[in-house]
There are 2 protein chains.
Amino acid sequence: MNVPDLIPHYRNQRVLVTGGLGFIGSNLARRLVDMGARVTVLDALVPNFGGNQFNLDGYADKLCVVLGDLREPRVVDEVVRGQSFIFNLAGQVSHLDSMRDPFTDLEINCRSQLDLLEACRQYNPGVRIVYASTRQVYGRPRELPVDEDHPLAPIDINGIHKLAAGWYHVLYHDVYGLRSTSLRMTNTYGPRMRVVDSRQTFLGLWIRQVIDGAELLVFGDGQQKRDFNYVDDVVQAMLLTAVSAATEGQAYNLGGLEVITLLDLAKLLVELHRTGSYRLVPFPPERKPIDIGDYAGNYSRLQKAIGWEPSVTLRSGLVRTLDYYRRHRKSYW
Amino acid sequence: MNVPDLIPHYRNQRVLVTGGLGFIGSNLARRLVDMGARVTVLDALVPNFGGNQFNLDGYADKLCVVLGDLREPRVVDEVVRGQSFIFNLAGQVSHLDSMRDPFTDLEINCRSQLDLLEACRQYNPGVRIVYASTRQVYGRPRELPVDEDHPLAPIDINGIHKLAAGWYHVLYHDVYGLRSTSLRMTNTYGPRMRVVDSRQTFLGLWIRQVIDGAELLVFGDGQQKRDFNYVDDVVQAMLLTAVSAATEGQAYNLGGLEVITLLDLAKLLVELHRTGSYRLVPFPPERKPIDIGDYAGNYSRLQKAIGWEPSVTLRSGLVRTLDYYRRHRKSYW
């Protein structure tokens with residue numbers, strides 16, 4: 001299945017994107033609009049969560065933006081009605097913030113998700129839902145690449161709550177027949193990600209720093225392995241999943257084309273930006289206990305189910321990302 | 001390690017039992033008082049949750065009962081101070097209720113547990129905590145007996161939240177050094193369990209029904225396997241765990257001496273009561289999707305760690321249980 005095949009599935013369809021002013025949500029919303037979907041974006045613009053009005057720049061009159069909070073049951077009840085698809089991306093994503101304030105993380109990543117599913121059960125039981133979960137549910141990998149049978153052992157509050165919410169989605173499928181799928185994402189990067197700090201991803205911060213001429217700080221020995229998905233590949237995975245009946249009630253990993261150490265990633269960024277510097281520094285004490293070590297996702301189950309695979313190399317994706325932020329720094333800095 | 005060895009660990013120690021008017025909590029509190037501990041019981045007596053003042057009959061002047069709710073952060077902050085041990089048993093335990101009202105289950109089994117751990121972190125970081133988790137975290141077993149490496153895949157809201165809370169306890173150990181252990185219990189039965197309905201365990205309801213001369217209803221073909229722990233054995237496991245440094249930060253299964261089908265269990269109850277009847281009936285539609293099939297717990301990891309094993313046979317435990325309820329039916333019916 002490739003891009004042209006998706007258009008008939010989404011053209012004129014009503015689609016809700018929660019967290020649609022955020023990084024992945026806005027990229028997805030724009031793509032949906034381009035395919036002719038009737039898109040509603042729900043976003044609370046919670047400070048530090050990644051929502052940014054500029055992410056939908058040029059699309060404001062082509063979709064409906066509801067500035068509402070998933071924590072408000074009445075808002076949720078209203079927006080789920082009549083949708084054919086819900087891409088459920090709203091969430092608190094910072095691991096550190098979840099440790100500093102576990103209760104807010106619980107409200108957003110558990111209670112609000114239950115609210116959304118209960119609202120769907122009641123007002124829109126036929127809707128197709130794709131939930132954005134995270135590799136964080138696996139905790140520290142026992143071996144790479146991590147497939148869906150890897151033990152679940154989250155090591156921070158955010159990972160625990162995201163796992164619970166992924167299970168809600170599977171449970172509401174199994175018990176109530178809701179057509180939901182959970183995608184466990186690895187590091188996603190690209191245009192429209194948060195670059196102010198490392199809340200969404202440290203790579204965002206590095207992008208800003210390398211453009212600003214600031215030194216990139218690499219924690220520890222920099223030998224931690226990671227894989228990355230360019231945001232367009234993640235959007236494609238979500239769109240393909242939502243039109244695949246076979247994936248309903250399941251959870252799948254995404255994963256990158258390449259695995260790279262953080263030190264090599266810093267070097268690559270400096271190389272691609274043609275200037276810059278990096279330095280190894282000790283792990284900050286608050287980060288070390290919730291660091292997962294190495295990670296790479298095995299996405300073969302999803303590949304088999306829907307034919308998805310990542311297509312954008314890290315080098316190519318970083319070039320596009322750097323280019324985007326050089327042009328739009330005033331909207332993100 | 002056996003009973004006499006435990007006394008020096010608990011004599012004159014301050015011990016908090018959350019849910020201490022409930023089934024396991026009250027048996028534990030009584031045992032602790034008998035060993036000379038200075039026991040505080042926290043219980044909200046939430047209707048249908050299993051709390052019963054009669055459970056501490058004869059002990060009211062030997063311990064302190066705080067009728068307070070774990071959902072009230074100020075109550076929690078207050079009761080955790082100065083305790084040497086916390087046995088954390090307060091919870092919503094009904095699988096069906098968790099599906100009917102997932103939000104209350106979330107409040108009690110997730111938010112309140114976070115509150116308790118945050119309070120310990122702040123006001124009593126040296127306290128030893130044992131958390132009562134459940135076999136429900138494993139969902140439908142792939143093979144029996146289930147050990148701790150079995151995949152975690154809860155199939156109801158209660159299982160999801162109990163798993164999250166178990167992880168909180170491990171996480172607060174790993175990140176903040178709290179000395180907590182999670183015990184995943186199988187079916188527990190014995191004096192002081194709830195027998196009004198099957199919210200706590202269907203076996204409670206059966207005990208009442210067989211004594212009342214009512215017909216026991218066995219769902220499906222009655223071939224579902226289960227294991228059972230007599231409550232004294234569970235109390236012993238908790239007491240031994242709390243004085244074992246090696247178990248800190250870990251999660252362990254309990255498990256029964258025997259595995260029995262539900263049909264054979266019904267027959268055994270009728271035999272032991274010397275009169276009664278049972279009948280196979282189809283699964284109620286609301287129960288079937290959250291039924292776990294067969295279950296038996298492998299407790300060898302805990303046995304290796306602390307020397308615990310169950311000692312009360314099902315036959316002997318049921319005789320004691322029937323005897324208790326024949327004598328005290330007016331307090332439980």
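Which residues of α11(B) are buried? They are Leu314(B), Gly317(B), Leu318(B), Thr321(B) and Tyr325(B). Here a residue counts as buried if 20 or more other C-beta atoms lie within 10 Å of its own, as exposed if 12 or fewer do, and as partly exposed in between, with C-beta atoms placed from the backbone.

Before going further, please keep in mind that this is a predicted model, in which local features need pLDDT of at least 70 and side-chain atom pairs count only at pLDDT 80 or more, while totals for chains, interfaces and linings use all residues. Residues are numbered from 1 along each chain as its sequence is written, and chains are lettered from A and ligands numbered from 1 in the order in which they are written.

**The last helix of chain B**

Helix α11 of chain B covers residues 314-332. Helices (H or I, at least four residues) and strands (E, at least two) are DSSP runs, numbered from the N terminus. With its 19 residues, α11(B) would reach 27 Å as a straight helix at 1.5 Å a residue, yet its end C-alpha atoms are only 22 Å apart; the expected span is 1.5 Å times one less than the number of residues. There is a bend of about 55 degrees at Arg326(B), taken as the angle between axes fitted to the seven residues ending there and the seven starting there. The cover over the buried residues of α11(B) includes β7 (187-189), α7 (202-212), β9 (225-230), β11 (259-261) and α9 (262-273) of chain B. Contact, here and below, means that the C-beta atoms of two residues, placed from the backbone, lie within 7 Å.

**Chain A as a whole**

Chain A has 11 helices and 12 strands. Its radius of gyration is 19 Å, close to the 20 Å that the globule rule gives for 333 residues, so chain A is as compact as a globular protein of that length. That radius is taken over C-alpha atoms, and the rule is 2.2 Å times the number of residues to the power 0.38. Along the principal axes, the C-alpha atoms of chain A fill a box of roughly 55 × 40 × 40 Å. Of the 333 residues in chain A, 52% are buried. Among contacts in chain A with a separation of 6 or more, 79% come from residues 24 or more positions apart.

One open sheet of chain A has seven strands in the order β3-β2-β1-β4-β5-β6-β10, with parallel pairing. Its edge strands, each pairing on one side only, are β3 (64-66) and β10 (251-253) of chain A. Neighbouring strands are turned by 20 degrees against each other on average, direction ignored. Within this sheet, Arg14(A) stands opposite Arg38(A) in β2(A).

Another open sheet has three strands in the order β7-β9-β11 of chain A, and its pairing is mixed. Its edges are β7 (187-189) and β11 (259-261) of chain A, and the twist averages 50 degrees from one strand to the next. Strands pair if DSSP finds at least two bridges between them. Some of the pairings in chain A are set out here.

| Strand pair | Bridges | Sense |
|---|---|---|
| β1(A) and β2(A) | five bridges | parallel |
| β7(A) and β9(A) | three bridges | parallel |
| β9(A) and β11(A) | three bridges | antiparallel |

Strand β9(A) is mostly covered, with five of its six residues buried. Towards β11(A), Lys225(A) stands opposite Thr261(A), and Arg226(A) has Ile260(A) as its bridge partner. Helix α8 (residues 231-242) of chain A lies across β7 and β9 of chain A, running at about 70 degrees to β9(A). Such axes are lines fitted to C-alpha atoms, for helices over the stretch in contact, and angles run from 0 to 180 degrees between N-to-C directions.

**Where chain A meets chain B**

In all, 21 residues of chain A are in contact with 21 residues of chain B. On the chain A side, α5 (102-123) and α6 (157-176) are the elements that give two or more residues, and α6(A) gives the most, with eight residues.

Cys110(A) lies in helix α5 of chain A. This cysteine is buried, with 24 other C-beta atoms within 10 Å. Leaving aside neighbours within four places in sequence, Cys110(A) is in contact with His161(A), Ala164(A), Ala165(A), Leu106(B) and Cys110(B). Gly91(A) is 19 residues from Cys110(A) in sequence and 9.3 Å away in space, C-alpha to C-alpha.
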